[in-house]
Amino acid sequence: MGQGAATKPPAGIGSARVTGHLHAIADNVRVVAPDATVAARRDLFWQLVRAADRNTKELGRLLAGVLDDYALVVEMARVRLGDLPNPGPGAWPRHDQPAGLGEPERIGLCQRLLAMLPMPAHHVVWVAFDRANLDGTTQTVGPISFYDGAWVRATLEHNGLGRSQLPAELTSPDSPLRSPDLPKGDRIVLARVDLGTGVFPDAPRVAAEQAQAVVTVASVRAGDRYWRPLDGYIHATDGRVTGWSSFGLPFQRADVAPDLDRTADELGTLAATLGPRLPVADPVLTETIDALGWWQSATDQPPLAAIVLDVRVLELVAARVTNGAWYDYLDSYHRDDWIRSRIISTLHSVVFAAMRGYHVVPSSEHPQLAGLEATLFEPIPGGRHLFHADRALAALPTLSTIWPVHDHLGRQLRSLATDLSSPAALEAWCQALGDRWTRARARLQRVRNALAHGGPLTPAADTVHRLAHQRAGRALSFTLEALLDGRGAVKAHEDARSHMTAWRNGVAGAPSVHDALFPP
């Protein structure tokens, strides 16, 4: 069954009246009618289901399974209606086993399902991501618990020692869920979203949005590729699995992002800051999640197509924050943040390259270089490293003397050391970057206008599409954090702008470059 677009239900529609309409629609499902008529009835049907606070996704799958005479779904429906007790271990029908019901019996069962009143219950939904990994087997962010997918699957299949660490809805012997129903792969992370007790017209959608929002904030902060949400879910009500949808297949290994994945690290930070405020009930979250899809799609697009998607994201956020033009929004809220991020990014890239050039520097300097590498790039669990920008700043003079002056990297190190030699030198660099921002932002605006109005296109897109993508991601990060912590998009942007403006105004008068870049 297809689903029409959601609209707000008319005021005063009660469950009894809605279920009466549902009965009437169900009684007419056998009428032969043109496609347009069937589509109109289908859309009306789903609007009434939503108005009755019913879970559209799971109800649709339940009705379809009953009408298709699937024994497993028929038995689940009867358990839900109270006709049967919950079957014991191994007593659920096979997935491919027919129920053997006649058409009148199946329609009658569907009518009873439609007439059920929604009751408050404790809802837990499992969703999944691929291209993902955790530092350990679990990580918790408020009501969302992330699990290493391969570990969960292996534990259930082999009744491993960690079985006691899994929630009861997965380990219950009377669950119809089987371990093959879980997604396969060694880069899978499962997210268990505890929505609490209530009535949820679409619990899987709400849970998926909550988990995706938290993961996106973590990945944008970390500068990593975004974990990809898989289709599918497992829905448990009052401690037992009441519905599920097959998980989509993960990407092929060739599509997997590099092993350097800091999203898991950021989840730990979010656990303390955002976790207590989840879940969030805000329609703007749905709009922002849609925008995340555009931003994700832009990652793998050629420059011109990426600019269209990323500027669309910026337009959306600008409308929410300033109700003004996206380019004015960029100048107002992103300029100083971009300047500081360029300085830190340049420091990171140059110093990282210096740690890879043992063949260039004299062998007598190798021990000192190795010592610096261990200090600047601290090993963390999972075979990754944490970059300490403040330590790299202090190490610049030493690195400049180690590298030969005639080498390209040696010249880069000396130029960087000069730019960061004093607050005055840093202020001059900030001013130069500010001029560069103005030119780049204006170029991005011209390219966007050319795309929109069919004007001549130039190679300029290659020089600004990364700027658009980075700033669109940052804009979404501000907005998502605001939705999750309750401040609102406007307040979050104002806070970020005030913080960066204070940083920028304090550079020239700072007592040292360290205090200028990393204020107390």
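**Close-up views of a predicted model**

**View 1. Strand 3 and its covered faces.** Strand 3 (residues 144–148) is mostly covered, with five of its five residues buried; buried means under 20% relative accessible area, exposed over 50% and partly exposed in between, using a 1.4 Å probe and protein chains only. Strands here are DSSP runs of E with at least two residues, helices are runs of H or I with at least four, and both are numbered from the N terminus. Look at either face and you find cover: Ile144, Phe146 and Asp148 are buried on one side, Ser145 and Tyr147 on the other. This is a predicted model, so local features need pLDDT of at least 70 and side-chain atom pairs count only at pLDDT 80 or more, while totals for chains, interfaces and linings use all residues. Residues are numbered from 1 along each chain as its sequence is written, and side-chain values use heavy atoms, with hydrogens and water left out.

**View 2. The partners of strand 3.** Two strands pair if DSSP finds at least two bridges between them. Strand 2 (residues 138–141) runs antiparallel to strand 3, and four bridges link them. One to pick out is Gln139, whose bridge partner in strand 3 is Phe146.

**View 3. Ala99 in its loop.** Ala99 is in the loop between helix 4 (71–81) and helix 5 (103–115). Its relative accessibility is 29%, so Ala99 counts as partly exposed. Asp69 is 30 residues away along the chain, yet the two C-alpha atoms are separated by 5.4 Å. Setting aside neighbours within four places in sequence, Ala99 is in contact with Asp69, Tyr70, Ala71 and Val74, where contact means heavy atoms within 4.5 Å.

View 4. Cys110 is buried at 7% relative accessible area, and Cys430 is buried at 0%. Searching the whole structure turns up zero disulfides, a disulfide being a pair of cysteine sulfur atoms within 2.5 Å.

View 5. Of the 25 residues, 20 are buried, so helix 18 is largely enclosed by the rest of the structure. Just after helix 18 comes Gly486, with a positive phi of about 90°.
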